[in-house]
Amino acid sequence: MRPHHIKSPVQYTGLRVGLPAGAVAPALHRLAVVSNHYLPPRRPPSFGSNLPLRDVLCCQSSRSSSELNPWHQSSDIPACGRNVRQHLVALGLSLVMTLSPALCAFNPAAAQQLPVMDFAVATLARSTGNPDAEVSVQLEESLMQALRQIEATIDSVVTVLSNSIPGFVTASSAAGAQPDVEAESAVNLVQEVYELVADNYLDARSGGFDPLRWEQLKDQALQQPLRDSPAAYRAIREMLAKGTSDPYTRFITPEEFESMRKYDVTGVGLHLGTGEEFVRKTGLRLPPGHDESEEGIWVVGMILGSPAQTAGVEQGDQLLGIDEMQVDGQSPFQAASAISGGDAEPDTISEPTVRLKVRKRNGSEKALAVNRPVKKIMSPVEAYLDDRGSRKVGMIRLSGFNARAQQDVAQAVKALTKQGASEFTLDVRDNRGGLYQEGAEVAKLFLEDGATVVVTEGRGHVRNKPLLAHGPALTRAPLTVLINQQSASASEIFAGAVRDNCRAVLVGKRTFGKGLIQSVYELSDGSGMVITNGKYLTPALTDIDREGIAPDFKQQPSPEAAASRLNACLVPTKASA
């Protein structure tokens, strides 16, 4: 096998991959563990009785192809186009519209003859009994998988055309790329993806993943003439469509990977973790004299070319201080927030640098000045005091779990407490999640020291060390959490943590049921892989995935009913976690 093409030995820091002896392997970078950025788009309540399904899928108008294309990033889309973008059935058509936008834009009658149209209508009718009905969670994911199959089929056709039509010009060759270099890079890319999936993928839903079949698909892909990166991308997507049944495990282009950098909690490209997390996620050992059970914050990985890497931070460094502040006793997430300037006011962070003190693997200590980009993160929190006469309820609406969620929820609780709030209602309805760490950190605000927040399970049903709360709860006032079928992922982690610890009652509808863990890996050409490699369990070891979390009450209970429910609740023992 040819060695992987890398630009320099220090460019790739993060998770290692196993290669045959003698091969040169870039240490693939692990960006972060994220929980729900790959959920299906939020679905509309219904199509509306006056808008037939076929009209929704193929807007019968003279709109531009960008408005018709559900992949188009603009949110300012007319009503018909917005319905297209929000519904997963339309995603299947996006491929057809991308290849031939004129079909829908100028000849809707012809477009309605497409097999995918019949598939979409028939699938909806079978599953709901009504083509205009709301799509179920299972159907959303089935359609995502169907989309992957359609995409892979089209990729296969394009590959055949590119290899058989004389003079077929790819984007890279048109740009003047050197054929030999491009071909070698393409082969290496397929090999990287094969090894990442083989070493890390968790078939969490028992979809029948077969390692031997996965190897066969890799061999088939490498037998093709992979002339450039687009050819490798097509081969990889086909491998994933045929080899995995998980709609969340996917390949992302360099452009898509670049847009995901907004989920970097530190803002400078660092992925921090405990010693146990460092060993488990990288496969490396801690420096001599350190044990993974001891406290400490370690650099698990970083983004290539990030401010942290440029300043000299390396994988395996131990973080000792931030701007003259020692990090003893802090969690990795608290340190990441401090590095980002997360507690600063106002929204815009203007301090140009953050000073980090690190201990290198050889034992030497260094002070590094890291440039911190100016950023602005919108608050996901809205809060007000609901005066109900004898009861004053602090109402907190949390729309997402971004890097400000924990900070802003804490500020809201403190402000409402000063205003006289004696109980709280935290609303995570229609909150599709965000950063897993923020979901856990928000839960910690309401939990006592030592309480289990979440348990993760990896390959072989191996349960990792549970995440625990540290320090006293911010408030002990009664708590109600509002949930519905669109509360997903980080919202479910939060809801499960406060409910299982008998800290809150859940009111509303059963949650979405997204309990899988995805990790993001950067590949050698700047593209990436999103791979399911674990699942979340609540402190009572309830499997969130697909089942969701059932509410305690469908309607707002009386204070007496809520108190009765909590009094009958049993906190899971540490042994069961």
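Okay, let's start at helix H14, residues 275-282, where Gly 275, Glu 276, Phe 278, Lys 281 and Thr 282 are buried. Buried here means under 20% relative accessible area, with exposed over 50% and partly exposed in between, using a 1.4 Å probe and protein chains only. Helices (H or I, at least four residues) and strands (E, at least two) are DSSP runs, numbered from the N terminus. Just after H14 comes Gly 283, which takes a positive phi of about 80 degrees.

A quick word on what we're looking at. This is a predicted model, so local features need pLDDT of at least 70 and side-chain atom pairs count only at pLDDT 80 or more, while totals for chains, interfaces and linings use all residues. Residues are numbered from 1 along each chain as its sequence is written, and side-chain values use heavy atoms, with hydrogens and water left out.

Zooming out, the protein has 20 helices and 17 strands. Out of 577 residues, 53% count as buried. Take contacts, meaning heavy atoms within 4.5 Å: among those between residues at least 6 apart in sequence, 72% join residues at least 24 apart.

Now, the inside. A nonpolar core is a set of buried Ala, Val, Leu, Ile, Met, Phe, Trp, Tyr and Cys residues joined through side-chain atoms within 4.5 Å. The largest one has 41 residues, and Val 409, Leu 426, Phe 446, Val 481 and Phe 494 have the most contacts inside it. Elements giving two or more residues to this core include strand E10 (391-398), helix H17 (405-418), strand E11 (423-427) and helix H19 (490-500). And what does Phe 446 touch, not counting residues up to four places away in sequence? Its partners are Val 409, Val 413, Leu 426, Ala 473, Thr 475, Leu 479, Phe 494, Val 498 and Arg 503. Apart from that core lies another, of 25 residues, with Ala 186, Val 193, Leu 217 and Tyr 233 among them.

On to the sheet. Strands pair if DSSP finds at least two bridges between them. Five of them make an open sheet with mixed pairing, in the order E9-E10-E11-E14-E15. Strand E9 (381-388) and E15 are at the edges with a single partner strand each, so one side of each has no neighbour in the sheet. E11 and E14 run parallel over four bridges, and Leu 426 has Val 481 in E14 as its bridge partner.

Last topic: rings. Phe, Tyr and Trp rings (the six-membered one for Trp) pair if their centres lie within 6.5 Å; planes under 30 degrees apart are stacked, over 60 edge-to-face, and the rest tilted. We get six aromatic pairs. Tyr 201 and Phe 209 are edge-to-face, 5.0 Å centre to centre with 70 degrees between the planes. Tyr 201 counts as buried because its relative accessibility is 4%. Tyr 436 and Tyr 536 have centres 4.9 Å apart and planes at 25 degrees, so that pair is stacked. This one links distant parts of the chain, with Tyr 436 in helix H18 and Tyr 536 in strand E17 (residues 528-537), 100 residues apart. Tyr 436 is buried at 14% relative accessible area, and Tyr 536 is buried too, at 1%.

Going back to Tyr 201, that residue forms one aromatic cluster with Tyr 194, Phe 209 and Trp 214. Lys 218 lies over the face of Tyr 194, 4.7 Å from the ring centre. "Over" means NZ of Lys or CZ of Arg within 6 Å of the ring centre and within 35 degrees of the ring normal.
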